[in-house]
Amino acid sequence: MSVLIKGGTIVTSTGRYIADVYADGHKIKTIGKDLDYPADDIVDASGKYVLPGAIDPHTHISMPFMGTSAQDDYETGTIAAACGGVTTVVDFDLQQKGESLLEAIERKQSWAAGKVAVDYSLHPAVMDPRPEVIAEVKKAVLDYGTPSFKIFMVYDFRVDDATMIKLLEETKKYGGLVQVHAENVYIIQHMNELLEAQGKLSPYYHAVSRPNIAEEEAVARAAKMVELTGSRIYIVHLSSKEGLAKVKEARDNGIDVFAETCPQYLLLDEERYNEPDFGGAKYVMSPPLRTKESNEALWGGLNSGDLQVVATDHCPFDFKGKKDMFGKDDYKKIPNGAPGIETLLMLLHSEGVVKGRISLERMVDVLSTGTARMFGLKDKGEVAVGKDADLVIFDPDQKFSITQSKLHMNIDYTPFEGLEISGMPMAVYSRGKRVAEWNGDQMTFVGQVGRGKFIKREPFEGF
Ligand SMILES: [Zn+2]
C-alpha cells in the first residue's frame with residue numbers, strides 16, 4: 001500500500017511548507033517537490049494542510065466507573081478516533097486489587113485484540129501500590145513499553161502522598177513519568193457535606209463541590225513532591241487558572257511539572273450546569289467546568305508553553321438512562337465523564353487556530369509532536385521521513401455543524417452540539433492506510449478494525 005500526497009502544506013511544530021509526501025509500507029519514505037512515484041492512492045492536497053495524526057493520551061475505553069462503564073469499547077472508540085483525525089490513543093489501564101501491572105496491561109490488551117482501528121498504547125494506573133508493584137515500575141518502563149503511570153489524589157482508589165513519593169523516586173531512576181489527577185479529596189468531601197446539608201444537589205453543585213482551590217492545592221502539593229525527589233510529573237486535565245498558576249510557579253523554579261488540558265476546559269464554562277431539563281448533567285466530569293477566566297488562562301498556558309498537551313479525557317456515558325437516571329436527586333451519583341475523542345482536532349483548529357488563540361504550528365505541537373515526545377512515541381507525531389505515515393489531509397475551509405448523529409462515538413450526546421466548525425479532515429491515514437474520509441456531509445470510517453496495534457513506548461528523555 002503506497003500513498004502519494006501532492007502539493008499539500010505540510011505543518012510541523014515550527015513551520016509550514018508546500019511539498020509532496022510519499023509513504024509506502026507504513027512509513028513516510030520521501031518528502032519533496034514534484035515527486036512522481038506510482039502509488040496506490042494519489043491525492044491532490046493543494047490548498048489543504050498535511051498534518052501528523054493527532055494523539056489522544058487521555059482516554060477511558062470501557063472503564064468501569066460509578067456503577068456503570070464508559071461506553072466506547074476499543075472498536076467504537078478507535079473508529080471515532082480515526083474519524084476525528086486521531087491516529088494514536090493512549091488509554092488508561094486501571095490496575096485492580098491484587099493485579100500486577102503486567103496483568104493489568106495484558107487484561108486491557110486482550111480487550112483491544114482484534115478491535116482497534118488505529119494504534120494504541122496504555123498508561124497503567126497504580127491503584128494497589130504494594131511494594132512489588134512499585135518495584136515493577138522498572139520493568140514497565142524498560143520492558144513493557146508503558147513508561148507513564150497514572151495516580152489519583154481523589155476517589156476511593158486514590159493513593160496517598162507516600163505512594164506518590166515512592167513512584168516519583170522509582171520513575172526518576174528509569175525514565176518513567178507519573179501522571180496525576182490533582183484535586184484535594186478532603187476539600188471535596190467537606191464541600192459535599194456542606195451542600196448535602198443545604199439540600200443543594202442539582203448538577204450545578206457538582207462544580208461548587210470541587211472548587212478551583214481543590215485543584216490548586218493538589219497541583220502545588222504534587223509539585224512539592226517533585227521538588228523533593230528531583231523527579232518529574234504530568235498533571236492530567238488541568239482545568240483552572242489557579243491550578244495553572246501553580247504549574248507555572250513550579251516550572252519557573254526549574255521543577256519538572258508538565259500539564260495537559262482538554263477542549264472542554266478551554267471552551268466551556270460552568271454556566272452549562274444550568275441547562276434546563278437536567279441537561280447540566282451532560283457536563284458532570286471531574287474536574288468540573290470552570291469560568292471564562294479559566295478558559296482564557298488555559299489558552300494563555302498553551303501559548304506560553306506551561307501546558308504542553310491537549311487531550312480529551314474521553315469517558316462517555318449516555319445522557320438518557322445513565323446521566324439522567326443515576327444522579328437525578330444527587331449530583332454525586334451522576335457518572336463523571338464526557339465524550340471528546342472525535343472532536344479534539346476540529347475544535348482545536350476551529351476554536352483555537354481560526355479564532356487566533358493559538359497558531360497552527362502550536363496546535364500541531366500540543367496535539368501531536370509534543371505529545372509524542374512526552375509519552376515516548378518515537379515513530380509518531382510528525383510529518384517527517386522515517387516516521388509512521390499517520391497523516392491527516394485537512395481542509396481548513398470545510399464547514400461542519402457538530403451534531404451527535406454525524407459523529408461515531410458510542411453515546412447519545414456531544415457537549416458541542418450545534419457548534420459551527422471551520423476545517424475538517426478530508427482523509428486520515430494510519431501507517432499508510434486510509435482509515436477515514438470526508439464524504440461531503442460527515443466523516444466515514446473506511447479502515448479495517450483490528451489493523452491497529454499496540455505501540456511499545458520509549459522512556460522519557462526530557463521535554
Ligand atoms: Zn480521565
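The structure is a predicted model. Its zinc ion is held by H58, H60 and D313, and helix α8 spans residues 212-229. The strand pairings described below are antiparallel, among them β2 with β3 and β16 with β17.

**Zinc site**

- Three residues coordinate the zinc ion: H58 and H60, each through NE2, and D313 through OD, at 2.0 to 2.1 Å.
- Along the chain, these donors follow the spacing H-x1-H-x252-D.
- H60 sits in the loop between β6 (54-59) and β7 (64-65), and D313 in the loop between β15 (309-310) and α12 (319-326), so this pair ties together parts that are 253 residues apart in sequence.
- H60 and D313 are both buried, with under 20% relative accessible area.

**Helix α8**

- Helix α8 has 18 residues, and the distance from its first C-alpha to its last is 26 Å, close to the 26 Å expected at 1.5 Å a residue.
- Its buried residues are A214, E215, A218, V219, A222, A223, M225, V226 and T229.
- Viewed down the axis of α8, the buried residues fall within an arc of 160°, so they line one face of the helix.
- In general, an α-helix has 3.6 residues a turn, so residues three or four places apart point the same way.
- On the face of α8 turned away from the buried side are the exposed residues K224 and L228.
- The cover over the buried residues of α8 includes the helices α5 (161-174), α6 (185-197) and α9 (241-252).
- Strands also contribute to this cover, including β12 (177-181), β13 (232-235) and β14 (256-261).

**Hairpin β2-β3**

- Strand β2 (residues 16-24) and strand β3 (residues 27-32) run antiparallel and are joined by five bridges.
- The two strands form a hairpin with two residues between them.
- In the turn of this hairpin, G25 has a positive phi of about 60°.
- D20 stands opposite G32, which belongs to β3.

**Strand β16 and its partners**

- Strand β5 (residues 49-52) pairs with strand β16 (residues 391-401) in the antiparallel sense, over four bridges.
- In this pairing, P52 has L391 in β16 as its bridge partner.
- β16 also pairs with strand β17 (residues 420-430), again in the antiparallel sense, over eight bridges.
- V392 stands opposite V428 in β17.

Definitions and conventions: Residues numbered from 1 in each chain as written. Predicted model: local features only at pLDDT ≥ 70, side-chain atom pairs only at ≥ 80, totals over all residues. Heavy atoms only, no water. Donors = N, O, S within 2.8 Å, 3.2 Å for Na, K, Ca; no water. Buried < 20%, exposed > 50% of the residue type's maximum accessible area, 1.4 Å probe, protein only. Pairing = 2+ DSSP bridges. Expected span 1.5 Å × (residues − 1). Arc of directions from axis to C-beta. Contact = heavy atoms within 4.5 Å.
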